[in-house]
Amino acid sequence: MSVEIHCNGLAKTYPGGVEAVRPLDLRLEAGQTTALVGPSGCGKSTLLRMMAGLEDPSFGSLTIGGAPAAETLARAGLAVVFQDPSLLPWRTVRQNIELALDLARKPRKGSDIAQLIHLVGLDGFADTRPAALSGGMRQRAAMARALSTNPDLLLMDEPFGAVDELTRAQLAADLPGIWEARGTTTVLVTHSVTEAVTLSDRIVVLSPRPATVVADLAIDLPRPRPSNLKALDAFQFHVDATFAALSQGVAKTLPKAAQ
Ligand code: ADP
Ligand code: MG
């Protein structure tokens with residue numbers, strides 16, 4: 001099953017008065033991968049955290065799979081990957097994944113776990129504890145854990161921040177196949193435009209804080225992505241369009257004198 005997300009007038013002002021997200025309407029299609037792109041501090045994480053049920057909206061409504069978010073989140077499989085991988089330190093990579101499966105009441109299948117560990121490039125580290133892994137490896141373990149439960153909704157907040165360039169490219173090549181095959185609705189927060197174009201079906205460009213939608217771009221590149229993706233004119237076209245929308249969003253919020 002995959003779920004769609006509807007935000008209607010969704011907004012967040014933190015206690016103390018910081019307006020992070022201005023009333024925002026957004027419909028994310030079931031089974032699609034959407035990237036949320038915007039300048040640092042614009043409210044991306046706040047928006048994602050509301051979708052994950054980790055932050056209460058100040059205004060508006062959020063429905064996931066046609067029901068109030070809290071209801072769906074409780075029954076639909078949700079997996080969240082943060083920039084900072086939250087692995088349990090006293091459990092090995094495999095045991096962290098097993099725990100996620102137990103919590104989701106899904107069977108522990110050794111071969112599936114081994115396949116995921118292989119896919120994220122952690123062969124040989126299944127029985128290693130997080131402290132003995134590099135930051136990038138921990139992040140890959142967190143990714144394997146998130147995917148292990150076969151979630152309906154996968155929310156990722158700058159998941160590749162701590163991962164080196166090469167691994168990043170490898171993950172970007174391998175991971176979409178997993179969530180696409182399963183019809184997972186995926187939301188990816190990133191400040192990397194090339195990553196957004198590489199991974200997503202759609203890019204929602206947000207303005208500087210408070211976040212509003214400045215552009216909504218369909219990324220109609222072939223799936224699975226070809227190995228020469230970055231050499232395609234269409235790829236460059238989408239990268240340019242996303243950058244243009246980002247700077248347009250920034251320009252709009254500058255005082256007139258500064259433009
Ligand atoms: P982004 O992920 O785009 O960098 P965030 O959503 O983390 O942005 O933050 C948006 C704004 O809200 C920032 O100004 C940040 O300082 C503020 N903010 C984030 N979390 C909190 C919080 N828990 N309490 C108060 N202000 C917050
Ligand atoms: Mg953030």
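Reader: Where is Pro224 found?
Author: Pro224 is in the loop between E10 and H8. Bear in mind that this is a predicted model.

Reader: And the peptide bond from Arg223 into that proline, cis or trans?
Author: The bond from Arg223 to Pro224 is cis, with omega near -10 degrees. A cis bond also joins Arg209 and Pro210, where omega is about -5 degrees. Pro210 sits in the loop between E9 and E10.

Reader: E3 and E9, parallel or antiparallel?
Author: Parallel, over four bridges, with E3 covering residues 33-37 and E9 covering 202-206. As one example, Val37 has Val205 in E9 as its bridge partner.

Reader: Now the other sheet. How many strands form the one with E1 in it?
Author: Four strands, in the order E2-E1-E4-E5, making an open sheet with antiparallel pairing. Strand E2 (19-28) and strand E5 (67-68) each have one partner strand, so each has a side left without a neighbour in the sheet.

Reader: What packs on that sheet?
Author: H1 does, touching E1, E2 and E4. The direction of H1 makes about 125 degrees with that of E1.

Reader: How many bridges join E1 to E4?
Author: Five, between E1 (residues 5-13) and E4 (residues 59-64), which run antiparallel. Asn8 pairs with Ser61 in E4. On the E2 side, E1 pairs over six bridges, also antiparallel. Leu10 stands opposite Leu24 there.

Reader: What does Gly16 do in the hairpin of E1 and E2?
Author: Gly16 takes a positive phi near 105 degrees, in a hairpin with five residues between the strands.

Reader: Which residue has a positive phi although it is not a glycine?
Author: Arg105, at about 55 degrees. Its place is the loop between helix H3 (93-103) and helix H4 (110-119). Most residues other than glycine have a negative phi.

Reader: On to the ligand. Which residues surround ligand 1?
Author: Tyr14, Val18, Ala20, Pro39, Ser40, Gly41, Cys42, Gly43, Lys44, Ser45, Thr46 and Arg209. They divide into five nonpolar, five polar and two charged.

Reader: Which element gives the largest share of that shell?
Author: Helix H1, residues 44-51, with three residues.

Reader: What is 2.7 Å from the side chain of Ser45?
Author: An oxygen atom of ligand 1, with the distance taken to an N or O atom of that side chain. A ligand oxygen is also 3.1 Å from a polar backbone atom of Cys42. For Arg209, an N or O atom in the side chain is 3.4 Å from an oxygen of the ligand.

Reader: How much of ligand 1 does the protein cover?
Author: The protein covers 60% of the 560 Å² of accessible area that ligand 1 has on its own.

Key: Residues are numbered from 1 along each chain as its sequence is written. Chains are lettered from A and ligands numbered from 1 in the order in which they are written. This is a predicted model: local features need pLDDT of at least 70, side-chain atom pairs count only at pLDDT 80 or more; totals for chains, interfaces and linings use all residues. Side-chain values use heavy atoms; hydrogens and water are left out. A residue is near a molecule or strand if one of its heavy atoms lies within 4 Å of it. A polar contact is a pair of N or O atoms within 3.5 Å; within protein, one must be able to donate a hydrogen and the other to accept it, and residues adjacent in sequence count only if both atoms are side-chain atoms. Accessible areas come from the Shrake-Rupley method with a 1.4 Å probe; for residues, only the protein chains shown count as cover. Helices (H or I, at least four residues) and strands (E, at least two) are DSSP runs, numbered from the N terminus. Ala, Val, Leu, Ile, Met, Phe, Trp, Tyr, Cys and Pro count as nonpolar, Asp, Glu, Lys and Arg as charged, and the others, Gly among them, as polar. Two strands pair if DSSP finds at least two bridges between them. Contact means heavy atoms within 4.5 Å. Axes are lines fitted to C-alpha atoms, for helices over the stretch in contact, and angles run from 0 to 180 degrees between N-to-C directions.
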